[in-house]
Amino acid sequence: MATERWNSPVKVGFENADARTVNGPFDALKCLADLWPIVRGLRYIKARSTCRAALDGRKSVEEARAEFLAAAEEAKLKLH
């Protein structure tokens, strides 16, 4: 479901955009698709997959949050 939310939102600074507050897997997927740096590694792929799985109920939203954070660290994005 698009309304699933994480216990604690994540604020991410993107290079060519304002910082975004990411509240759950749906928001995370939008960031991964629209704002992510061009260089995308394995953590990016895993975060995308886990966020989709969380929306389908196959993974927890907190698992998706952990993978999103790992992808942000891999991409060297600023986390606030």
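This is a predicted model: local features need pLDDT of at least 70, side-chain atom pairs count only at pLDDT 80 or more; totals for chains, interfaces and linings use all residues.
Lysine 11 stands opposite threonine 21 in strand S2. Helices H1 and H2 pack against each other at an angle of about 145 degrees. The largest pocket has a volume of about 240 Å³.

- S1 covers residues 10–13, and S2 covers residues 20–22. Three bridges link these two strands in the antiparallel sense.
- S1 and S2 make a hairpin. Six residues lie between the two strands.
- S3 spans residues 78–79. Two bridges join S3 to S1, and the two strands run antiparallel.
- Valine 12 has leucine 79 of S3 as its bridge partner.

**The helix across the sheet**

- H1 takes in residues 25–34, and H2 takes in residues 42–56. Their axes are 9 Å apart.
- The crossing of H1 and H2 is left-handed.
- H1 contributes Pro25, Phe26, Ala28, Leu29 and Leu32 to the contact. H2 contributes Tyr44, Ala47, Arg48, Cys51, Arg52, Ala54 and Leu55.
- Sorted by class, this contact has ten nonpolar residues and two charged ones. No polar residues take part in the contact of H1 with H2.

**The largest pocket**

- The lining of the largest pocket includes Gly13, Phe14, Glu15, Asn16 and Ala17. Asp34, Leu35 and Pro37 also line the pocket. So do Ala75, Lys76, Leu77 and Lys78.
- Six residues of the lining are nonpolar, two are polar and four are charged.
- Sheet and pocket share residues. Residue 13 belongs to S1, and Gly13 is in the pocket lining. Residue 78 belongs to S3, and Lys78 is in the lining.

Technical notes: Residues are numbered from 1 along each chain as its sequence is written. Side-chain values use heavy atoms; hydrogens and water are left out. On a 1 Å grid over the protein atoms alone, a cavity is a set of points where a 1.4 Å probe fits but cannot get out, and a pocket is an open set with protein on both sides within 12 Å along at least five of seven lines; lining residues have an atom within 4 Å of a point. Grid points are joined across faces, edges and corners, and a volume is the space filled by probe spheres set on the points. Ala, Val, Leu, Ile, Met, Phe, Trp, Tyr, Cys and Pro count as nonpolar, Asp, Glu, Lys and Arg as charged, and the others, Gly among them, as polar. Two strands pair if DSSP finds at least two bridges between them. Helices (H or I, at least four residues) and strands (E, at least two) are DSSP runs, numbered from the N terminus. Axes are lines fitted to C-alpha atoms, for helices over the stretch in contact, and angles run from 0 to 180 degrees between N-to-C directions. A crossing is left-handed if the near helix is turned anticlockwise from the far one by less than a right angle, and right-handed if clockwise. Contact means heavy atoms within 4.5 Å.
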